[in-house]
Amino acid sequence: MTTVARPAREEPRATPPPKAAPRARIDLLHSHAWQVSIGRFVVLLLVALAVGVALDAPLAVLALALFGYSVWSLVSLYRLQRWLRARRRAEPPEDLGVWSDVSGFVFRKLERERSRKRRLIRTLRAFREAAAALPDGVVVTTRGESILWVNRSASRLLGLRAAPLRGRALDEIVPHAARDWLAQGAHEALLDVPAPHDEALRLSLRVIRYANDQSMLVIRDISHLMRLEQVRRDFVANVSHELRTPLTVLHGYLDMLEPGDAPEWAPVLADLRSQSRRMAQIVEDLLTLSRLESRRDLPEDRVVMAALLEDLRREAEGLSQRRHEIAIEGDRSVDLVGSQQYLHSAFSNLVSNAVRYTPAGGRITIRWQREHGGGARFSVADTGYGIPAEHLPRIAERFYRVSTSRSRASGGTGLGLSIVKHVLNLHQARLEVASEVGAGSTFSCVFGAERLRERAPDGEAG
Ligand code: ADP
């Protein structure tokens, strides 16, 4: 495992496990320390007494023996203290008298500690090696985002040299494009960021928080995925583009044919015309989606909402042909900043869906209102068929339809909500859908405060 950052402390070297024989001997020695010591003491007293009696000075000899015993005890205590203070843990000194019990106890405890430490070190090494061998980059940091550890893949993906990284700030090593994301708390994964040293290397970044005070930045190489995605986008764009011209020609010829010229072919002609129109619309929608997908941003205009709401009302009335009641409720004092063309097309899509999926006699309400948090919401509410809850998560996918026959019958391509979602993404806005079967649906586009501009009371741009 190569790490560019060293661990917090050098791991203690694992000492070889102690041999079984000395251990058993030590255990035996120390478990009988008290009996042996008392026995020795008694023998010493008896011998001193005997010698004292023989020399006719029992007290003096006894005192001498006791003095000798005290000195020996002190020396044993000193040896024990030296052993305890020694850095290297050797076996305890032999023959410490009653202190052997203490030294044996300490030695056994230390042995257990050491083997626990060895096990922990082995586990830690195994984890480190596994993390180092991961194909994904891993940077372990403190909550304050100071770097603790970096694996090999992270060094490769971020183009880090083997300089000491420990203690440096995380935002010094992440790609430039990820710094704002990191500063804002990195709550969601960040996709498709170019690597700092190689623009062709595309990365995804994700921060995982664990324990109380640590987090982990996981970096994944998604260049291959991005290339595949580009191939898919190019393919769809090319096919749509290639289909456009033949379809226009076909459409032109069909328009030239008069149903009255061959009345028996009139129904066939009508069907051909409607199908070719549908195909042309699908091709146009696919091209719009390709254009949106290839853009990182859109031209920004000041979109006058009062005028746009009026346009939408006219469109809704045109599509509805008086079959629905159409209402506009709006705070016309606030305008939007974004692409006039694409926002208009997204809002029109929602209005057209509301008309197409609401039976005659229903009500459609187009609203533009401020949000409590400072943003604003454009919504289209209808009293139509509604959408079962299980379809809602996938509703904005390409060609996803709740009811294919209803969508086709009403001239749908299945691409409208995909376009809406892409347009909103390019405006850092989100699509919200609330729906109840049989009661109706509300599609809302929620914009941030930075996209809003106040309008002066006289109607002029503020
Ligand atoms: P389509 O062209 O089929 O309308 P969209 O992408 O606009 O495609 O919508 C996807 C599907 O979502 C539709 O086929 C329809 O089933 C459902 N849907 C969209 N808007 C509404 C609505 N207002 N009420 C009920 N269903 C809706």
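Gln-321 sits in the loop between H9 and strand E7 (325–330), where helices (H or I, at least four residues) and strands (E, at least two) are DSSP runs numbered from the N terminus. Although Gln-321 is not a glycine, its phi is positive, about 55°. Most residues other than glycine have a negative phi. Asp-192, also not a glycine, has a positive phi of about 55°. Asp-192 belongs to strand E3 (residues 190–195) and counts as partly exposed, with 14 C-beta neighbours inside 10 Å.

The model is predicted, so local features need pLDDT of at least 70 and side-chain atom pairs count only at pLDDT 80 or more, while totals for chains, interfaces and linings use all residues. Residues are numbered from 1 along each chain as its sequence is written. The average pLDDT (the predictor's confidence in each residue, from 0 to 100) is 87 for the protein, and 92% of the residues score at least 70. Over residues 1–15, however, pLDDT stays under 50, and the model has 27 contacts beyond four places in sequence for this stretch; a contact here requires C-beta atoms, placed from the backbone, within 7 Å of each other. Where pLDDT is low, the predicted coordinates should not be read in detail.

The domain assignment gives domain 1 (18–126), domain 2 (134–221), domain 3 (227–293) and domain 4 (301–454), with bounds from an automatic or database assignment. The centres of domain 1 and domain 3, taken over C-alpha atoms, are 99 Å apart. Within strand E5 (residues 214–221) lies Asp-221, which is partly exposed with 18 C-beta neighbours inside 10 Å. Beyond four places in sequence, Asp-221 touches Leu-157, Leu-201 and Leu-203.

The largest nonpolar core has 37 residues, and Ala-346, Phe-347, Val-351, Val-380 and Val-423 have the most contacts inside it. Such a core is a set of buried Ala, Val, Leu, Ile, Met, Phe, Trp, Tyr and Cys residues joined through C-beta atoms within 7 Å. H10 provides the largest share, eight residues. Because domain 3 (227–293) and domain 4 (301–454) both give residues to this core, it lies between them. Val-423 touches Leu-292, Tyr-342, Leu-343, Ser-345 and Ala-346, not counting residues up to four places away in sequence. Another core, of 18 residues, lies apart from it and includes Val-139, Leu-158, Leu-165 and Leu-170.

Leu-308, in helix H9, is buried, with 21 C-beta neighbours inside 10 Å.

Around the ligand are 22 residues, the closest being Arg-401, Val-402, Ser-407, Gly-412 and Gly-416; a residue is near a molecule or strand if its C-beta atom, placed from the backbone, lies within 6 Å of it. H10 and H12 each supply at least two residues of this shell. By class, the shell has nine nonpolar, eleven polar and two charged residues, with Ala, Val, Leu, Ile, Met, Phe, Trp, Tyr, Cys and Pro counted as nonpolar, Asp, Glu, Lys and Arg as charged, and the others, Gly among them, as polar.

How values were computed
Buried ≥ 20, exposed ≤ 12 C-beta atoms within 10 Å, placed from the backbone. Contact = placed C-beta atoms within 7 Å.
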